[in-house]
Amino acid sequence: MALVTVALYLCVLVGAVMVDGTVEAQAQHKALTQQAVEIQTGNQEAFQEALSASLAVTQQQQLLLAANLQDQASAQATVGDGESQSSGSGESGQSSSGSSSQTTTTSSVANANGEFQADAYGYTGADKIDYWKSLNSDVIGYLRIPGTNISHPVLRNTTDVNYYTSKGIDQQYSYYGVLWTNPNTVVGDSSEISSNTVIYGHNWTNYSATPRIGNANDIMFAQLTGYHWLNMAKSYPYIYYSTEKEQMTFKIFACFYTELAFNYNQPEGDMDYIISEARSRSLHDFDVKVDSSDKILTLSTCTRAYGSTNNQRFVVMARLLRSGETIEPVTVTANTDFKAPNVWG
């Protein structure tokens with residue numbers, strides 16, 4: 001009986017999925033764990049079995065995390081001396097050393113000082129697409145955000161936006177999941193992709209009202225919330241998103257908290273409204289021109305910055321570099337009158 005009860009608690013956690021497929025954050029996980037602890041005295045064996053299941057990370061998920069460390073090491077080697085070099089990055093998914101990961105994370109934190117970090121750019125991660133696609137044909141691209149440990153394949157299930165909320169690259173249960181997009185997201189080169197490519201990812205460790213900038217324990221989109229801070233936005237205002245057809249660079253123009261009622265996550269629609277609303281909500285003002293003719297990249301993750309409600313997200317939006325544009329510093333200032341989300345409405 002105790003085992004069944006614990007299993008039900010775990011099912012509730014997995015089932016707590018919202019419109020964009022993100023699950024309840026760590027606060028709920030702690031509550032469910034506490035309830036499981038109360039059962040422990042009644043059935044130690046059942047408790048241990050359930051706890052082991054709740055902490056399980058699949059073999060392919062371990063590959064994903066290991067390859068992320070390798071991506072970071074490759075990026076460091078590529079741009080470490082400020083000169084263009086071969087990435088030298090393989091596709092084996094083998095793990096780098098722990099010291100390399102810690103060095104990269106520490107460097108990211110130290111460099112988020114409000115000075116544009118040109119040396120962070122150069123490696124896009126596009127060379128990883130074929131490897132990850134060989135493991136799962138749902139892989140459609142690769143996302144890398146310099147200054148963070150976010151360097152992962154992007155997946156698309158063509159029938160269910162929630163399909164990957166609790167699955168790894170191997171399509172088995174995963175606590176951390178993957179990065180995924182909407183079923184109707186169009187893939188191709190920069191002329192073919194959706195007006196708004198929306199990518200979702202979990203944030204289990206960095207969802208407070210004062211998120212940190214970089215930590216070795218942050219997985220998937222947990223480091224995205226570092227853009228809450230002005231210095232992070234100034235230091236790393238560009239994002240790489242690549243498909244099999246093209247390596248693309250996007251320039252950030254908004255970072256904001258929102259309630260789910262704002263339909264920022266539509267692949268097509270009234271982009272002028274979405275852009276205008278995103279800029280009015282942005283914590284920072286970016287000196288970046290953007291309109292409905294631009295291709296948009298939208299990154300969405302969970303937060304609890306505005307309390308315990310799950311009706312809130314942290315979002316970063318960027319637009320594709322225009323013809324003739326290059327990676328260079330972006331003027332970013334504090335938005336002193338940003339529109340706060342109505343998460344309790």
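This report walks through a predicted model, starting with its barrel and ending with a few individual residues.

## The barrel

Let's begin with the overall layout. Eight strands close into a barrel, and if you go around it the order is β1-β2-β3-β4-β8-β9-β6-β5, with mixed pairing. From one strand to the next, the twist averages 30°. Helix α8 (residues 271-281) packs on the sheet, where it touches β4, β6 (247-258), β8 (296-302) and β9 (313-320). The direction of α8 makes about 60° with that of β6.

As a reminder, strands of a sheet pair through backbone hydrogen bonds, and they can do so parallel or antiparallel. Both kinds turn up among the pairs below.

| Strand pair | Bridges | Direction | Example of bridge partners |
|---|---|---|---|
| β1 and β2 | five | antiparallel | Arg 144 and Ser 151 |
| β2 and β3 | two | parallel | Leu 155 and Trp 180 |
| β1 and β5 | four | antiparallel | Tyr 142 and Ser 242 |
| β5 and β6 | five | antiparallel | Tyr 238 and Lys 251 |

The hairpin from β5 to β6 gets by with three residues.

How enclosed are the strands? Take β2 (residues 151-155): five of its five residues are buried, so the rest of the structure largely encloses this strand. β6 is mostly covered too, with 11 of its 12 residues buried.

In soluble globular proteins, nonpolar side chains tend to be buried together. Here, the largest nonpolar core has 56 residues, and Leu 143 and Tyr 227 are the ones with the most contacts inside it. The elements giving two or more residues to this core are β1, α7 (230-235), β5, β6, α8, β8 and β9. Which of them gives the most? That would be β6, with eight residues.

Leaving aside residues up to four places away in sequence, Tyr 227 touches Ile 145, Pro 146, Met 232, Ala 233, Tyr 236, Ile 252, Cys 255, His 284, Phe 314 and Val 316.

## Cysteines

If you are wondering about disulfides, how many does the structure hold? The count is zero. Cys 255 is buried, with a relative accessible area of 0%. Cys 302 is buried as well, and its relative accessible area is 2%.

## Loop residues to look at

Most residues other than glycine have a negative phi.

Gln 171 lies in the loop between β2 and β3. It is not a glycine, yet it has a positive phi of about 65°. Is Gln 171 buried or partly exposed? With a relative accessible area of 32%, Gln 171 counts as partly exposed, because the buried label needs a value under 20%.

Met 220 sits in the loop between β4 and α7, and its phi is near 55°, again a positive value in a residue other than glycine. Met 220 has a relative accessible area of 1%, so it is buried.

The last stop is Val 186, in the loop between β3 (179-181) and β4 (196-200). Val 186 is partly exposed, with a relative accessible area of 37%. Not counting residues up to four places away in sequence, its contacts are Glu 192, Ile 193 and Ser 194. Glu 268 is 82 residues from Val 186 in sequence, while in space the two are 10.0 Å apart, C-alpha to C-alpha.

Note on methods: Residues are numbered from 1 along each chain as its sequence is written. This is a predicted model: local features need pLDDT of at least 70, side-chain atom pairs count only at pLDDT 80 or more; totals for chains, interfaces and linings use all residues. Side-chain values use heavy atoms; hydrogens and water are left out. Buried means under 20% relative accessible area, exposed over 50%, partly exposed in between (1.4 Å probe, protein chains only). Contact means heavy atoms within 4.5 Å. Two strands pair if DSSP finds at least two bridges between them. Axes are lines fitted to C-alpha atoms, for helices over the stretch in contact, and angles run from 0 to 180 degrees between N-to-C directions. A nonpolar core is a set of buried Ala, Val, Leu, Ile, Met, Phe, Trp, Tyr and Cys residues joined through side-chain atoms within 4.5 Å. A disulfide is a pair of cysteine sulfur atoms within 2.5 Å.
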